[in-house]
Amino acid sequence: ALTIGIVGLPNVGKSTLFNALTRNQVLAANYPFATIEPNVGVVSLPDPRLGRLAEVFGSQRILPATVSFVDIAGIVKGASEGEGLGNQFLANIREAQAIAQVIRVFDDPDVVHVDGKVDPRSDMETINTELILADLQTLEKALPRLEKEVKIKKREAAELAAVEAAQKVLERGDTIFSSIQSDKLDMEHLKELNLLTAKPFIYVFNADEAILGSPEKQAELRALVAPADAVFLDAKLEADLVELSEEEAREMLEMNGQDESGLDQLARVGFHTLGLQTYLTAGPKEARAWTINRGDTAPQAAGVIHTDFQRGFIKAEVVSFEDLMDAGSMAEAKARGKVRIEGKEYVMADGDVVEFRFNV
Ligand code: GDP
């Protein structure tokens, strides 16, 4: 499954955030057959379309798409040198599809900071340096062989050039992800190396009221981590919110001047960062969002429901969510000619409402 690995220095609020993620009990109730692993926290992707679909179809329940986060044991300076925990740590990050880095920006004299003071830039550099050093080691191992293989024409020169360009980026202290555009990195040829810093990054700023209430301060922090996405939340507040009823939680958020919880934000940004989108299905039993990659075709989308659906795919009946809502019912959407029949080549759009036809 696709997961986002949570990393960060000690005492920045990772466990607090992770507790909020795992105590989010809605999911356990909705997905009775899912195995819940202790180090995985699942959040549902907020999607107001599902509620409206459920009304139109009289669906009994709503199943949103989800995003999974893995708690990765604390990073410490020197992890990339590969002692004990370090290796396991790196292996765990390698398995994640994206990295969420928690950075402390809350002020609290009672919570000790490992480096003595709250300094988001320095914290970010400490973590990223460890990841960069690990990637440099990977490249140093890969390069001699690659050079040889290019010489005997077993591999293209372009591959070597891509790796050398990546090495330059890392040597000057930048992550691959932050340099893809600026350095026009040839990601196709870097894929195979599964570099840690080539994964998409999200920065989660664990903030206090001073920052949550200041668009200027947030803009500064956003600029610090661009082009990566940033999420601003208060981990302690999030941990409290998941204990409340939906209504109480909404009131508490309003009191804090927020219209969305940090976990909801995290789910949305995470989903986007992973390059995912959803399509929708609905019937009397359930209204449901299914997760696919941007650019997936109709048979690939069908395969997410069941592999047999992909193998036996015949066609898909597709209506956009907006057209369906305008029509008010499936029958009316059909009468208006808004329900299209799509074949194997069709590339799914976000919010397509779909029914698949297939052979078994
Ligand atoms: P970890 O080491 O990164 O997992 O950090 P923890 O989640 O254990 O948090 C370290 C300490 O900071 C704990 O005492 C938390 O209660 C506290 N803490 C976490 N998040 C916040 C926050 O948003 N505000 C404040 N004031 N304290 C926090």
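**A walk through the predicted model**

Let's start at Val 42, which lies in strand E2, covering residues 40–44. Keep in mind as you look around that this is a predicted model. Is Val 42 buried or exposed? Count the other C-beta atoms within 10 Å and you get 22, so Val 42 is buried, given that 20 or more is the cut-off. Now find Val 70: it sits 28 residues away from Val 42 along the chain, yet the two C-alpha atoms are separated by 8.9 Å.

Next, have a look at the ligand. There are 16 residues around it, and the ones that come nearest are Gly 13, Lys 14, Ser 15, Thr 16 and Asp 108. Two elements give two or more residues to this shell, namely helix H1 (14–22) and helix H10 (235–241). H1 gives the most, with three residues.

Now for a pair of helices. Two packed helices are described by the angle between their axes and the distance between the axes. Here, look at helix H5 (residues 120–151) and helix H6 (residues 157–171), whose axes come within 10 Å and cross at roughly 155°. Because that angle is over 145 degrees, H5 is roughly antiparallel to H6. The crossing of H5 past H6 is left-handed. On the H5 side, the residues that meet H6 include Leu 136, Leu 139, Leu 143 and Leu 146. On the H6 side, Leu 160, Val 163 and Leu 170 are among those that meet H5. By class, this contact of H5 with H6 has twelve nonpolar, one polar and three charged residues.

Most residues other than glycine have a negative phi, and most peptide bonds are trans. Lys 184 has a positive phi, near 45°, and so does Asn 194, also near 45°. Where are they? Lys 184 is in the loop between helix H7 (176–179) and strand E6 (201–206), and Asn 194 is in the loop between H7 and E6 too. Lys 184 is exposed, with 9 other C-beta atoms within 10 Å. Asn 194 is exposed as well, with 12. For a cis peptide bond, go to Ala 226 and Pro 227, where omega is about 10°. Pro 227 is found in the loop between helix H9 (215–225) and strand E7 (229–233).

Finish at helix H11, residues 246–255. How many of its ten residues are buried? The count is zero, so to speak a hardly covered helix. Just after H11 comes Gly 257, with a positive phi of about 70°.

How values were computed. Residues are numbered from 1 along each chain as its sequence is written. This is a predicted model: local features need pLDDT of at least 70, side-chain atom pairs count only at pLDDT 80 or more; totals for chains, interfaces and linings use all residues. A residue is near a molecule or strand if its C-beta atom, placed from the backbone, lies within 6 Å of it. Helices (H or I, at least four residues) and strands (E, at least two) are DSSP runs, numbered from the N terminus. Axes are lines fitted to C-alpha atoms, for helices over the stretch in contact, and angles run from 0 to 180 degrees between N-to-C directions. Angles under 35 degrees count as roughly parallel, over 145 as roughly antiparallel, 65 to 115 as roughly perpendicular and the rest as oblique. A crossing is left-handed if the near helix is turned anticlockwise from the far one by less than a right angle, and right-handed if clockwise. Two residues are in contact if their C-beta atoms, placed from the backbone, lie within 7 Å. Ala, Val, Leu, Ile, Met, Phe, Trp, Tyr, Cys and Pro count as nonpolar, Asp, Glu, Lys and Arg as charged, and the others, Gly among them, as polar.
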